[in-house]
Amino acid sequence: MEFQPYPFEKLQALIQDIPQKEGRISLTIGEPQFPTPKCICDALKQNVESLNKYPKTAGEDFLKTAMLGFIQRRFNVELQPNELIPTFGTREVLFNFPQFYLFNKANPTLAHPNPFYQIYEGAAIAARAKSIYMNLDSTNAFKPKLTKEQMRECDLVILNSPNNPTGATLSLEELKYWVECALEFGFLLLNDECYSEIYSDSKPHSILEASVAVGNTSFKNILALNSISKRSSAPGLRSGFIAGDSTILKPYLQYRTYIGCASPLPLQKAASVAWSEDTHTEHSRAQYAKNLQLAAEILREKIPNLRIPQDTFYVWLPVTNDLEWTKTLLQNENILVLPGSFLSREKNGENPGNNFVRLALVYEEPIIQDALLRLQKWL
């Protein structure tokens with residue numbers, strides 16, 4: 001197997017000759033810079049003695065109950081216990097699920113957005129699958145599309161709404177269209193929803209809601225992924241889930257017994273608190289909304305028509321040359337961003353990440369305001 005270096009490896013190679021100075025502000029990684037809420041930390045501390053027990057691959061009942069409750073409260077969708085599997089975050093499931101699902105396909109094909117979270121591409125490589133890169137650009141409002149011929153070819157389609165890195169979000173009607181296509185053409189549809197809880201105004205919809213809305217209440221060919229990493233400022237808890245079609249999840253759970261990626265019991269206890277409680281998310285969500293508002297006010301002085309998303313905490317910023325611009329900004333302002341070309345591939349004669357940089361607005365307002373004002377000078 002031959003994988004491309006991760007975007008952050010490419011970034012380090014790009015800036016290796018630039019001396020590091022104190023006070024660098026890194027807007028490169030989508031890692032919340034707010035403290036993990038006290039109720040979650042307390043639950044972890046109070047259950048540390050359960051480290052002497054092996055956790056179940058299927059997840060403890062209390063954790064599944066908390067996750068099912070979250071889905072019910074947030075999306076008004078009632079799942080059965082066999083329609084959800086707790087996972088060790090979502091990165092591992094995004095990588096190993098395609099290998100499981102595509103194993104018996106003679107010539108597997110996987111479609112995913114471009115630019116993208118690099119695990120999608122890595123999963124296709126590990127599964128020996130052909131990749132269809134769905135280019136996201138201004139001509140399609142940064143939303144994924146496939147032709148009917150491509151849909152007939154696909155075995156698995158991965159969506160990512162709200163999207164990393166572009167911030168585009170699919171409406172309920174758009175998600176319903178994708179569900180109907182999955183049923184018509186027979187491909188499995190998986191939506192990575194890890195940014196669903198970062199929103200400024202209206203709440204993003206789940207593919208599970210769309211499935212119910214079109215009458216597919218058994219979630220045939222439909223799966224959703226989510227995690228508490230962004231929602232609860234707790235990426236270190238590694239708590240996520242995959243939910244939907246139980247006929248697929250049943251053999252996948254059997255497969256997972258061989259992987260050895262069950263979450264330790266203290267982490268499951270802390271995660272169950274995070275999934276069960278909603279008020280702790282309000283501070284960070286409000287701060288991300290303020291940061292996006294600041295980005296609109298400051299950056300639109302130079303780029304009046306700049307797209308500022310309402311969901312996620314990213315800004316997909318157009319620049320003249322993403323590699324040189326990244327180095328110039330770091331050298332002059334000590335601010336580090338991620339070149340868009342590191343998050344995408346050249347397909348159909350174009351690389352949709354060229355001449356963009358991704359800004360992760362994950363700090364408190366004063367830091368973000370300072371960074372945006374300094375960044376503005378180089379647009």
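**Close-up views of cavities and pockets**

**View 1. The second largest cavity holds about 50 Å³ of space.** This is a predicted model, where local features need pLDDT of at least 70, side-chain atom pairs count only at pLDDT 80 or more, and totals for chains, interfaces and linings use all residues. Residues are numbered from 1 along each chain as its sequence is written, and side-chain values use heavy atoms, without hydrogens and water. On a 1 Å grid over the protein atoms alone, a cavity is a set of points where a 1.4 Å probe fits but cannot get out, and lining residues have an atom within 4 Å of a point. A volume is the space filled by probe spheres set on the points, which are joined across faces, edges and corners. Among the lining residues here are Pro113, Phe142, Lys143 and Asn160.

**View 2. The largest cavity has about 90 Å³ of space.** Of its 16 lining residues, Pro86, Thr87, Phe88, Ala262 and Ser263 are the closest to the centre. Strand 2 provides the largest share of this lining, three residues; strands (E, at least two residues) and helices (H or I, at least four) are DSSP runs, numbered from the N terminus.

**View 3. The largest pocket has a volume of about 560 Å³.** Gly30, Arg91, Tyr117, Tyr195 and Lys230 are the closest to its centre among 26 lining residues. A pocket is an open set with protein on both sides within 12 Å along at least five of seven lines.

**View 4. The second largest pocket has a volume of about 210 Å³.** Look for Tyr133, Met134, Asn135, Gln150 and Asn348, the closest to its centre of 13 lining residues. Strand 4 (residues 130-135) gives the most to this lining, with four residues.
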